[in-house]
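Dear colleague,

Please find below the structure that I am handing over to you. My notes on what was found in it follow directly after.

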There are 2 protein chains.
Amino acid sequence: MNTATVLDVFKGRVPTESEVTVQGWIRTRRDSKAGISFLTIYDGSCFDALQAVANNTLLNYHDEVLRLTAGCSVSISGQLINSIGKNQNYEIQVKTIKVLGWVEDPNSYPIAPKRHSLEHLRDVAHLRPRTNLIGAVTRIRHTLAQSIHRFMNEKGFFWVSTPLITASNSEGTGDMFRVSTLDLKTPPQTPDGKCDFHQDFFGKETFLTVSGQLNAESYACALSKVYTFGPIFRAENSNTSRHLAEFWMVEVEFAFANLTDIIDLSKSMLKYLFQSVLTECEKEMQFLSQTIDKQAIKRLERFINTDLIQIDYSEAIQLLKNCDQKFELSPLWGGDLSGEHERYLSEVCFKAPVVIKNYPKDLKAFYMRINEDGKTVAAMDILAPGIGEIIGGSQREERLDYLDKRLEEKGLNQEDYWWYRDLRRYGTVSHSGFGLGLERLIIYVTGMKNVRDVIPFPRSPRTVNF
Amino acid sequence: MNTATVLDVFKGRVPTESEVTVQGWIRTRRDSKAGISFLTIYDGSCFDALQAVANNTLLNYHDEVLRLTAGCSVSISGQLINSIGKNQNYEIQVKTIKVLGWVEDPNSYPIAPKRHSLEHLRDVAHLRPRTNLIGAVTRIRHTLAQSIHRFMNEKGFFWVSTPLITASNSEGTGDMFRVSTLDLKTPPQTPDGKCDFHQDFFGKETFLTVSGQLNAESYACALSKVYTFGPIFRAENSNTSRHLAEFWMVEVEFAFANLTDIIDLSKSMLKYLFQSVLTECEKEMQFLSQTIDKQAIKRLERFINTDLIQIDYSEAIQLLKNCDQKFELSPLWGGDLSGEHERYLSEVCFKAPVVIKNYPKDLKAFYMRINEDGKTVAAMDILAPGIGEIIGGSQREERLDYLDKRLEEKGLNQEDYWWYRDLRRYGTVSHSGFGLGLERLIIYVTGMKNVRDVIPFPRSPRTVNF
């Protein structure tokens, strides 16, 4: 007897008329008056469920089959036949059905077959991948991750893992989680009344990293093309639909590359990823287009088929100044683009993702390369309608004297960056990189509205369940 | 002018006789009396460096070319020709050479071209990927990671990301890092004098996870086949060549699978990974065989071509009892296999990786499935010569009553595992899984001796540099 997944069946890998065993969970059961039950079984291998037709001649038909409810696990054996039903290419004529696991009290089963709110599903995050929606999102997340690795590998980038636990606050951003093994009831103190981190596990104060970029740069200055793909942490106390305390990020570092090179690379990467999803997650995208966001498929197709709009920060400010819309915060050269500004540019002005380049240096981190004008840096953000920044990157400052000046301007210590400075002292090369937040990318792809629904077990302020 | 990587050149992607630009770093320079300099340039894209022949007719020959030292970055343009030298298929006849970055004080350059100790290289972990050795290890690490994702995807497993920050101590192991944003100088206290974690970021005490398994199980009970690939933490105060505080792990969960299925899957995965390394990292493996471990290539070939030895824990104890060797700790049924026992089995007795199965239940975690004998659990460890446990897995207890009994035996609270128990209450299925430590795998593949040398920036007690 051939055991097959539902995907195997739908891909035509199982010959029709042959005997097959499929294991999975009941999605629906419908009983006809003629004594036949129509079961649909899913196993998560693909979006669709497989129909199994069970006759009342089965030995356990009355005792078991008629008691099956959504979520029961079963092993079904029978003959695979071409289905005459609509939307079904195949079905199984059941010879035996073995119940592997019942659903305890089906009426209180948290994901009984009805429409559930996303908030409710978050409360049962351990069961929500059993729903059509979260199952689809999970397979898309997988496809995006696979495609990222594949694209990077094909382009000659090596995956490097940068450390999560760090003693440095790389970008000078606050909001980091402390990592410690000290007893919090009575933490050891130094003679001058501070916490004595010398007694901590690492012998100094340590945090969860907010970026692997600086470490990745050191590998790009040896292997030319590298990327990271791992978790990143922000202890920001903001409960929004776009922020998580723990999320996944891709960070690319590319030696001998300038700002234009990484804009081109970002663009071709995004096109590659979106094409992979359209090809490999066709059913999932159809479902999302029907239930979550009508534009989901069209948005990706449009991205693939059009060039990215690129404008300078200075042009963006002009556009905002000259437009009809009133903003809470008046657009001003030198000021950050606020959420409303970004939304206007990508959602109203261009109605498409847009690359903003060459920001004022005071708005950006110390490591970004000063342009010839002395006022702006070679930075770029890709803003997408509905989500905001999806990619942020820059050319890195490879000239030691400029870098040192920037460190000083930002009030950062040269000594803390001794090894980063070494990269400029020993065979420095121009290099550039960008970061891509995985969850925001999934939001863009799926049309989902909240990052909490596109990562298996979200972490945010006061939320750390499962 | 065509810009190419060194790999492009060696792969024959650049036509000979054509003009090409290569950017990279100087590995060596040798000057002939006839006024010709032979430079080798690497860019990290592959193991080999490319030879460039610079004539003293170059305008910057005397001022710059003759001052080039290892680590200087250059952009070299010229004609690609077939080399007449040994071990070189191609070389560049230099037309122009542009120095991009000098090495400040070449005599003190931390990785000047001589043999360095691995300990010294750890002190300059930001520069060590520039060495042949660490460059090779990095590309092998990349190839293993890529191959893991590819293998899993081909076998129908979905990548899921399990949370790093957790409020639970999943396996009842100690030694976890605390994650907190509380002020460590004066942490808030509850009325009864304990630390008031209610005021912490997540509203409760949180840690860095030691395993994503339980979370992964919840996804396997929906999508059937899943795997994680991410960092894992242990706050163990052990400074050995086999332990890191932060390391990368693959955890596989496989529904409708038993112990035999995951032993088979582990085996085919390891064979697939080793074959990928032999095929894609040929030069790297040759270099390692010459400099680090003569057996490096042979060990992988042997693994690919032989079946894995499998024995029961009880048989292992008998073998240890009956052998000639004296052990510090006498082998005894019910006792843990110590390091010396494991070494004897894999290094002396079988001289090969060996699978030990069906351990006494008291030695293993609560979630492992009780065998029919009531005394052992369906667990397995794969032990490899020279490294010890490389894979550990088990069939998971899918029967709620057995699971509850095990929780009780281990002194764990049912309430803490409410959601894990739900997986057994709602359509439970037999399922199995295993974990594979990436760094130990790399040790096995490369013959390197210390895990600190196979991860870019190692973290261990009192070590958190870069």
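In this predicted model, 115 residues of chain A are in contact with 115 residues of chain B. The two chains bury about 9300 Å² between them, and 62% of that area lies on carbon and sulfur atoms. On the side of chain A, the residues that lose the most area to chain B are A:Trp159, A:Leu184 and A:Tyr426, which together account for 9% of what that side buries.

Polar links also cross this interface. Between chain A and chain B, 45 residue pairs are in polar contact. Helix α3 (residues 132-154) of chain A supplies the largest share of the side of chain A that touches chain B, with 11 residues. Sorted by class, that side has 59 nonpolar, 36 polar and 20 charged residues.

The rule finds 2 salt bridges across the interface of chain A and chain B. In one salt bridge, the side chains of A:Arg425 and B:Glu104 meet at 3.0 Å, N to O. The chains also pair through strands: strand β9 (residues 178-180) of chain A and strand β9 (residues 178-180) of chain B run in the antiparallel sense over 3 bridges. Within this pairing, A:Arg178 stands opposite B:Ser180.

Over all chains, the structure holds 46 salt bridges. Side chains of opposite charge can pair when their charged atoms come close. Three further cases may be of interest to you.

- A:Glu397 and A:Arg399 meet through their side chains in a salt bridge of 2.7 Å, N to O. A:Glu397 counts as buried because its relative accessibility is 0%, under the 20% limit.
- B:Lys283 and B:Asp48 form a salt bridge of 2.9 Å, N to O. This pair links distant parts of the chain, 235 residues apart, with B:Lys283 in helix α6 (residues 282-291) of chain B and B:Asp48 in the loop between β3 (36-42) and β4 (50-55). B:Lys283 is partly exposed at 42% relative accessibility, and B:Asp48 is partly exposed at 25%.
- B:Arg178 and B:Glu205 meet in a salt bridge of 3.2 Å, N to O. B:Arg178 is buried, with a relative accessible area of 14%, whereas B:Glu205 is partly exposed at 27%.

Finally, I draw your attention to A:Lys267, found in helix α5 (residues 259-280) of chain A. With 15% relative accessibility, A:Lys267 counts as buried. Beyond its neighbours within four places in sequence, A:Lys267 is in contact with A:Phe303, A:Asp307, A:Leu308 and A:Gln310. The side chains of A:Lys267 and A:Asp307 are joined by a polar contact of 3.1 Å.

Yours sincerely

Technical notes. Residues numbered from 1 in each chain as written. Chains lettered and ligands numbered in written order. Predicted model: local features only at pLDDT ≥ 70, side-chain atom pairs only at ≥ 80, totals over all residues. Heavy atoms only, no water. Contact = heavy atoms within 4.5 Å. Buried area = accessible area lost by both parts, 1.4 Å probe. Salt bridge = Lys/Arg side-chain N within 4 Å of Asp/Glu carboxyl O. Polar contact = N/O pair within 3.5 Å; in protein donor to acceptor, adjacent residues only side chain to side chain. Helix = DSSP H or I, 4+ residues; strand = E, 2+ residues; numbered from the N terminus. Nonpolar A, V, L, I, M, F, W, Y, C, P; charged D, E, K, R; others polar. Pairing = 2+ DSSP bridges. Buried < 20%, exposed > 50% of the residue type's maximum accessible area, 1.4 Å probe, protein only.
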